Amino acid sequence: MTDTAHHQLTTLTQALQAFERGDHTAAALSALARQQTALLAALPPRYSEVLLNLLDRLESSALFSEESCSFSQKDLVANLQMWVEKARGVLGAA
């Protein structure tokens, strides 16, 4: 399961990078992230909560222009990157 979780974390990282380049929409990134079930199962439950919350906010922000809603996509992407790094640390420690 750990190999699968590591692979799914890599997939999520690549999708996040593609989103930053404009190659993925917020909806596509969110859908892909939600499909990484082995990754989410390998992490403590709070990681799923935080990720799903960030993805919901990212999808909502996509409905508005860049900074017109109460949270910016730039900040959400930074938080998603932080989530990825923390998840990598947890998986590395397992």
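In the predicted model, the largest nonpolar core holds 24 residues, and L29, L80 and W83 are the members that touch the most others within this core. At least two residues of the core are supplied by each of helix 1 (2-21), helix 2 (26-34), helix 3 (37-42), helix 4 (45-61) and helix 5 (73-93). Helix 5 gives the largest share, with seven residues.

With residues up to four places away in sequence left out, W83 touches L9, L12, L39, L40, L43, Y47, V50, L51 and L54. One of these partners, Y47, is found in helix 4. The relative accessible area of Y47 is 10%, and Y47 is therefore classed as buried, the limit being under 20%. Beyond its neighbours within four places in sequence, Y47 is in contact with W83, K86, A87 and V90. Along the chain, Y47 and E59 are 12 residues apart, and their C-alpha atoms are separated by 18 Å.

The volume of the largest cavity is about 40 Å³. Two or more residues of its lining come from each of helix 1, helix 2 and helix 5. The residues that line the largest cavity are L12, L16, L29, A33, L55, L80 and V84. By class, this lining consists of seven nonpolar residues, with no polar and no charged residues. Both L29 and L80 belong to the lining, and L29 and L80 are also named, with W83, among the core residues that touch the most other members. L12, another residue of the lining, is touched by W83.

Polar residues at other positions were then considered. T13 is found in helix 1. Because its relative accessible area is 16%, under the 20% limit, T13 counts as buried. The side chain of T13 has a polar atom that lies 2.8 Å from the backbone oxygen of L9. Apart from neighbours within four places in sequence, T13 is in contact with V84 and R88. V84 is also one of the residues that line the largest cavity. T13 and Q81 stand 68 residues apart in sequence, while the distance between their C-alpha atoms is 7.9 Å.

Two loop residues complete the description. Q36 is placed in the loop between helix 2 and helix 3. With a relative accessibility of 8%, Q36 falls under the 20% limit and so counts as buried. When neighbours within four places in sequence are set aside, the contacts of Q36 are with Q8 and T11. H24 lies in the loop between helix 1 and helix 2.

Technical notes: Residues are numbered from 1 along each chain as its sequence is written. This is a predicted model: local features need pLDDT of at least 70, side-chain atom pairs count only at pLDDT 80 or more; totals for chains, interfaces and linings use all residues. Side-chain values use heavy atoms; hydrogens and water are left out. A nonpolar core is a set of buried Ala, Val, Leu, Ile, Met, Phe, Trp, Tyr and Cys residues joined through side-chain atoms within 4.5 Å. Buried means under 20% relative accessible area, exposed over 50%, partly exposed in between (1.4 Å probe, protein chains only). Helices (H or I, at least four residues) and strands (E, at least two) are DSSP runs, numbered from the N terminus. Contact means heavy atoms within 4.5 Å. On a 1 Å grid over the protein atoms alone, a cavity is a set of points where a 1.4 Å probe fits but cannot get out, and a pocket is an open set with protein on both sides within 12 Å along at least five of seven lines; lining residues have an atom within 4 Å of a point. Grid points are joined across faces, edges and corners, and a volume is the space filled by probe spheres set on the points. Ala, Val, Leu, Ile, Met, Phe, Trp, Tyr, Cys and Pro count as nonpolar, Asp, Glu, Lys and Arg as charged, and the others, Gly among them, as polar. A polar contact is a pair of N or O atoms within 3.5 Å; within protein, one must be able to donate a hydrogen and the other to accept it, and residues adjacent in sequence count only if both atoms are side-chain atoms.
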